[in-house]
Amino acid sequence: MNSVQHDVAGKKFLILQDGREAHLVYREIGSHVWDLYHTFVPTDFRGKGIASQLAEAALKAARAETKKIIPNCSFVQTYLKRHPEYSDLVIME
């Protein structure tokens with residue numbers, strides 16, 4: 001599987017594999033908050049940890065860029081429950 005890329009202009013974290021894209025998309029709210037609102041992984045790529053790779057990359061990037069996050073995506077919410085080390089990034093709307 002390919003590595004996660006951050007498409008800043010497209011506001012998404014993505015992995016391209018066999019010409020298809022898995023992604024986690026976000027909205028910027030002001031200059032300090034990302035609303036992580038949707039994760040998609042093509043059906044035949046599921047169960048391989050790709051969504052977790054996307055979530056981890058987004059959270060690490062948020063921390064590196066001193067952003068806070070709103071976890072509106074249900075997968076990101078689940079990921080955060082399993083990885084409380086990122087709880088300091090979370091704010092609610």
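The following dialogue goes through how terms are applied to one predicted model.

Trainee: How do you know which helices and strands the protein chain has?

Mentor: Helices (H or I, at least four residues) and strands (E, at least two) are DSSP runs, numbered from the N terminus. On that basis the protein chain has two helices and five strands, in the pattern β-β-β-β-α-β-α along the sequence.

Trainee: What makes the radius of gyration of the protein chain agree with that of a compact globule?

Mentor: The radius of gyration is taken over C-alpha atoms, and the globule rule is 2.2 Å times the number of residues to the power 0.38. For 93 residues that rule gives a value near 12 Å, and the protein chain has 12 Å, so the two agree. The C-alpha atoms fill a box of roughly 35 × 30 × 20 Å along the principal axes.

Trainee: Why is F13 called buried?

Mentor: Buried means under 20% relative accessible area, exposed means over 50%, and partly exposed lies in between (1.4 Å probe, protein chains only). F13 has a relative accessible area of 2%, and is therefore buried. Of the 93 residues of the protein chain, 39% count as buried.

Trainee: Where is F13, and what does F13 touch?

Mentor: F13 sits in strand β2. Contact means heavy atoms within 4.5 Å. Not counting residues up to four places away in sequence, F13 touches residues including H6, L24, W34, L54 and A58. F13 and Q53 are 40 residues apart in sequence and 9.5 Å apart in space, C-alpha to C-alpha.

Trainee: Why is H83 called partly exposed?

Mentor: The relative accessibility of H83 is 25%, so H83 counts as partly exposed. H83 lies in the segment after α2.

Trainee: What makes a set of residues a nonpolar core?

Mentor: The members must be buried Ala, Val, Leu, Ile, Met, Phe, Trp, Tyr or Cys residues joined through side-chain atoms within 4.5 Å. The largest such core has 24 residues, of which W34, L36, L59 and I69 touch the most other members. The elements giving two or more residues to this core are β2, β3, β4 (33–40), α1 (50–64) and α2 (74–82). With eight residues, α1 gives the most to this core.

Trainee: Which residues is L36 in contact with?

Mentor: Leaving aside neighbours within four places in sequence, the contacts of L36 include L24, Y26, L59, I69 and V76.

Trainee: How do you know that the span of α1 agrees with its number of residues?

Mentor: The expected span of a helix is 1.5 Å times one less than its number of residues. The 15 residues of α1 should therefore span 21 Å, and its end C-alpha atoms are 21 Å apart, which agrees. The buried residues of α1 are I50, A51, L54, A55, A58, L59, A61 and A62, and their cover includes β2, β3, β4, β5 (68–71) and α2.

Trainee: Why is the phi of K11 worth a remark?

Mentor: Most residues other than glycine have a negative phi. K11 is not a glycine, yet has a positive phi of about 50°. K11 is in the loop between β1 (5–7) and β2 (12–17) and, at a relative accessible area of 30%, is partly exposed. D18, also not a glycine, has a positive phi of about 55°. D18 is in the loop between β2 and β3 (20–29), and its relative accessibility of 61% makes D18 exposed.

Key
Residues numbered from 1 in each chain as written. Predicted model: local features only at pLDDT ≥ 70, side-chain atom pairs only at ≥ 80, totals over all residues. Heavy atoms only, no water.
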